[in-house]
Structure formats: structure tokens, C-alpha cells
Amino acid sequence: MLAYQTVPVTPFQQNCSIVWCGATRQAAVIDPGGELPRIEAAARELGVELAQIWLTHAHIDHAGGAGELARRLGLPIVGPHPGDQFWIDGLAEQSRMFGFPAAEPFTPARWLADGDTVTVGRETLAVRHCPGHTPGHVVFHAPGAKRAFVGDVLFAGSIGRTDFPGGNHAQLIASIRERLWPMGDDTVFVPGHGPESSFGAERRFNPFVRG
């Protein structure tokens, strides 16, 4: 069974998630935005082996630590979608703009597209391309565990910002309604910031996308 633990990192309290296969203890880290010692300590405490880095998108608070972690531990970076290449190219500028430690540049070992899958141990997650917050944003869905890791597409009671370069409000709403809602009302999602919620709860109560 897929298991996970969320480790909030960076001054933005970004929800980095360590996800692992219960059978093999092999793990992927989703969105290591920074504070790498905290992430690595959590992995040691869980008794899991970090094998991959998965990125939902390339904003600094989600991808700022990916290059260093990949280099030091010899891990492949998987994702996001190629639409976020310009955000990866601009990581150094993002670091300066938001007062983050300098981000190491990187090239993903594998880009992701809608309909792809990623595998950790014996667990496979589906990939959905959900643009709007950024052009290359992806979401990871574990149907068996009824969990989705959605980055900054959707939050409990809110939605992702669309006022950054490449953002598109109509596209974001379409991504939520056409890509997330079909995953099922009982699917619990881990957002990029803040508490978990379910798609059913957001369909009923989220003022931006309910109905």
C-alpha cells in the first residue's frame, strides 16, 4: 500500500510529501522546495530509501531544493511538464526575488505529460497535466489509496494563483473540473500549502469551484 508523510518546508510552508511503497520501503519525494536536512531526517525516521524526486511544478518553494538533492543523493528528477521549462530556467532569479537560498540548476531526467504514470517500488500513480497555476503543472493520483498530490492547483477552500507569468484562470478552473473532479469525491488531496481536504468537500463548499 502507498503511504506518505507531509513535511512543510521553506518560509512559505510548502507541503513537501515523502511517498513510499509499503512493501519495498522505496520512496519518492514530491516538491522538495528547501530545508533538505529536514526532509532527509524525516526519510531516515520513516526508514525509507529516497529513490526519486517528483515535481508538480517549478516555482521556487516547490523546486528550490530539487537540484541539490538530486546531485547529492544521485536521484532522478521526474517532472514537471515541459511547459514549466521557463520557470526552471529562472530558478536563480526566483531565489533572489523571494529571498530563498540559491537554487542549483537542474534538468529533469524525465518530463511528464497527461496520462503518464510514475512508479515507486510496486506502487504506480497516474499523472494528470493540470495547467493554470503554471503552464507545466502536473498532479499525481494514487487511485488505490484514494489520494492525490495536487501542488498549487487546489487548496482547502481556495485555488491556485494565476497572476504569475504563464498563469491562466480559465485554464485552472478547467483543470480542476475536468481533471480532478473525476478522481472521485472520496479522494483526499494533499495541496501545496495548508491542510488536506477531499474533492467532494471542495465541490460542495469551495467558493471558487463549487457547483
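## A buried histidine

His129 counts as buried because its relative accessibility is 13% (buried means under 20% relative accessible area, exposed over 50%, partly exposed in between, with a 1.4 Å probe and protein chains only). The model is predicted: local features need pLDDT of at least 70, side-chain atom pairs count only at pLDDT 80 or more, and totals for chains, interfaces and linings use all residues. Residues are numbered from 1 along each chain as its sequence is written, and side-chain values use heavy atoms, leaving out hydrogens and water.

His129 sits in strand β7, residues 123-129 (helices, H or I of at least four residues, and strands, E of at least two, are DSSP runs numbered from the N terminus). Setting aside residues up to four places away in sequence, His129 touches His81, Asp114, Pro135, Gly136, His137, Val138 and Arg179 (contact means heavy atoms within 4.5 Å).

## Nonpolar cores

The largest nonpolar core holds 30 residues (a core is a set of buried Ala, Val, Leu, Ile, Met, Phe, Trp, Tyr and Cys residues joined through side-chain atoms within 4.5 Å). Ile18, Val29, Ile53 and Phe106 have the most contacts inside it. At least two core residues come from each of β1 (2-9), β2 (14-21), β3 (26-30), α1 (36-46), β4 (49-54), α2 (60-63), α3 (66-73) and α4 (85-89). Helix α1 supplies the largest share, five residues. Another core lies apart from this one; it has 17 residues, including Leu112, Leu125, Val127 and Val138.

Phe106 is in contact with Leu55, Ala63, Ala66, Gly67, Ile77, Ile88 and Leu91, leaving aside neighbours within four places in sequence.

## Largest pocket

The largest pocket contains about 360 Å³ of space (on a 1 Å grid over the protein atoms alone, a pocket is an open set of points where a 1.4 Å probe fits, with protein on both sides within 12 Å along at least five of seven lines; lining residues have an atom within 4 Å of a point). It is lined by 19 residues, and His59, Asp61, Gln94, Phe98 and Phe164 lie nearest its centre. Helices α2, α4 and α5 (91-98) each give two or more lining residues. The most come from α5, with four. By class, the lining has nine nonpolar, six polar and four charged residues.

## Second largest pocket

About 220 Å³ of space lies in the second largest pocket. Its lining has 17 residues; Gly33, Gly34, Glu35, Gly64 and Pro101 are the closest to its centre. Eight are nonpolar, six polar and three charged (Ala, Val, Leu, Ile, Met, Phe, Trp, Tyr, Cys and Pro count as nonpolar, Asp, Glu, Lys and Arg as charged, and the others, Gly among them, as polar).

Key
Grid points are joined across faces, edges and corners, and a volume is the space filled by probe spheres set on the points.
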